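Dear colleague,

My notes on it follow directly after.

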Amino acid sequence: MAIDKELLDILACPKCKGELALTEDKKGLMCKPCRLLYEIREDIPIMLVDEAVRLDENLNPLPPAE
Ligand SMILES: [Zn+2]
């Protein structure tokens, strides 16, 4: 089961409370203002800032910080 539109409407970025966009591969939810990507694991979005993948200015994932 994929993340559906209804769920997407409920979810908000935990950092800025803004809207999230589903990535093209449907493997994550992106907050463009925060440049964070919240991964979806086994159909469950991981809505934690600490777990989110940081994105560069082109919204490409950055390697994890040490
Ligand atoms: Zn945000």
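I begin with L59, which counts as exposed because it has 12 C-beta neighbours inside 10 Å, and a residue is called exposed at 12 or fewer. Please bear in mind that this is a predicted model. L59 lies in the segment after β5, the strand of residues 53–54. The phi angle of L59 is near 60°, a positive value in a residue other than glycine.

K26 also deserves a remark. Its phi is near 60°, again a positive value in a residue other than glycine. K26 is found in the loop between β1 and β2, and it counts as exposed because 10 C-beta neighbours lie inside 10 Å of it.

Strand β1 comprises residues 21–22 and pairs with β2 in the antiparallel sense, over two bridges. Within this pairing, L22 stands opposite L29 of β2. Five residues separate the two strands of the hairpin, and K26 is the residue given there with a positive phi.

Strand β2 has a further partner in β3. The two run antiparallel and are joined by four bridges. Here C31 stands opposite L36 in β3. β2 and β3 likewise form a hairpin, with four residues between them, and R35 in the turn has a positive phi of about 55°.

The directions of the residues in β2 may also be of interest. In a regular strand the side chains alternate between the two faces of the sheet. From β2, G28 and M30 point one way, while L29 and C31 point the other way. All four of these residues are buried.

Which residues make up the largest nonpolar core? There are nine: C13, L20, L29, M30, C31, L36, L37, Y38 and A52. The elements that contribute two or more residues to this core are β2, residues 28–31, and β3, residues 36–41.

One member of this core, C31, may be followed through its surroundings. Leaving aside its neighbours within four places in sequence, C31 is in contact with C13, K15, C16, G18, L20 and L36. Among these contacts, C13, L20 and L36 are themselves listed in the core.

With kind regards

Note on methods
Residues are numbered from 1 along each chain as its sequence is written. This is a predicted model: local features need pLDDT of at least 70, side-chain atom pairs count only at pLDDT 80 or more; totals for chains, interfaces and linings use all residues. A nonpolar core is a set of buried Ala, Val, Leu, Ile, Met, Phe, Trp, Tyr and Cys residues joined through C-beta atoms within 7 Å. A residue is buried if 20 or more other C-beta atoms lie within 10 Å of its own, exposed if 12 or fewer, and partly exposed in between; C-beta atoms are placed from the backbone. Two residues are in contact if their C-beta atoms, placed from the backbone, lie within 7 Å. Two strands pair if DSSP finds at least two bridges between them.
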